[in-house]
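The report below describes a single chain and its ligand, going from the overall fold to individual helices and then to the ligand shell.

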Amino acid sequence: MKSPLFLMLFLFFFGTTLFANESYDVKSFRVITKLCGMCHGIPFHLAKEKDGDEWEEYFDDDQTLLKIHQKEPEALSNIKSTRFKYYRKNILKFFIDNSKYSGKVHGCDGNFCGAHY
Ligand code: HEC
């Protein structure tokens, strides 16, 4: 096991059963962690890199994301996965809700604690 990552994933998956009062979409947080997190880190950080309009553009059609990740086979297969397709709308909403100018700052909870970079 790659231990720190494993521990993080463990906390992501089991933390929420202990703390049930989140102010954001935990399901999307988990899906994004799984599909994008190994390269882009904590979903809040990824969301904060773009503003809402930019996220709309990235999700305008799948080609945009596929093109960006041309050289990343793992990313391509995640973006083509049924899971991504199923949660696509919620993933976009999560990114927009937590985007650059959203003013959202998250405290500590079972999934995530504190720091924004
Ligand atoms: C296997 C690693 C990997 C995975 C998984 C991955 N990405 Fe990426 N992503 C990258 C790399 C590397 C780049 C930079 C590509 C470049 O600049 O040429 C990138 C770039 C991006 C960019 C553009 C950033 C910018 O400023 O240009 C966005 C948006 C993005 N990824 C979103 C996602 C989303 C959403 C997911 C999950 C569905 C995801 N990525 C999954 C590796 C990954």
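## Overall fold

Of the contacts in the chain with a separation of 6 or more, 70% are accounted for by residues 24 or more positions apart, where two residues are in contact if their C-beta atoms, placed from the backbone, lie within 7 Å. This is a predicted model, in which local features need pLDDT of at least 70 and side-chain atom pairs count only at pLDDT 80 or more, while totals for chains, interfaces and linings use all residues. Residues are numbered from 1 along each chain as its sequence is written.

The chain has 7 helices and 0 strands, and from the N terminus on its elements run α-α-α-α-α-α-α; helices (H or I, at least four residues) and strands (E, at least two) are DSSP runs, numbered from the N terminus. Buried residues make up 20% of the 117 residues in the chain, a residue being buried if 20 or more other C-beta atoms, placed from the backbone, lie within 10 Å of its own.

## Helix H2

H2 spans only 17 Å between its end C-alpha atoms, whereas a straight helix of 15 residues would span 21 Å at 1.5 Å a residue, the expected span being 1.5 Å times one less than the number of residues. A kink of about 55 degrees in H2 is centred on lysine 34, the bend at a residue being the angle between axes fitted to the seven residues ending there and the seven starting there.

The buried residues of H2 are Ser28, Phe29, Val31, Ile32, Thr33, Leu35, Cys36 and Gly37. Glycine 41, whose phi is positive, near 80 degrees, follows H2.

## Helix H7

Helix H7 (residues 82-97) has 16 residues and reaches 23 Å from its first C-alpha to its last, close to the 22 Å expected at 1.5 Å a residue, and it bends by about 65 degrees at arginine 88. In H7, Tyr87, Ile91, Phe94 and Phe95 are buried, and the buried residues of H7 pack against H2, helix H3 (43-48) and helix H4 (52-58).

## Ligand surroundings

Of the 14 residues around the ligand, Cys36, Cys39, Glu72, Glu74 and Ala75 come nearest; a residue is near a molecule if its C-beta atom, placed from the backbone, lies within 6 Å of it. The elements that give two or more residues to this shell are helix H2 (26-40) and helix H6 (73-79), and the largest share, 5 residues, comes from H2.

By class, the shell around the ligand has 9 nonpolar, 3 polar and 2 charged residues, where Ala, Val, Leu, Ile, Met, Phe, Trp, Tyr, Cys and Pro count as nonpolar, Asp, Glu, Lys and Arg as charged, and the others, Gly among them, as polar.

Notes: Buried ≥ 20, exposed ≤ 12 C-beta atoms within 10 Å, placed from the backbone.
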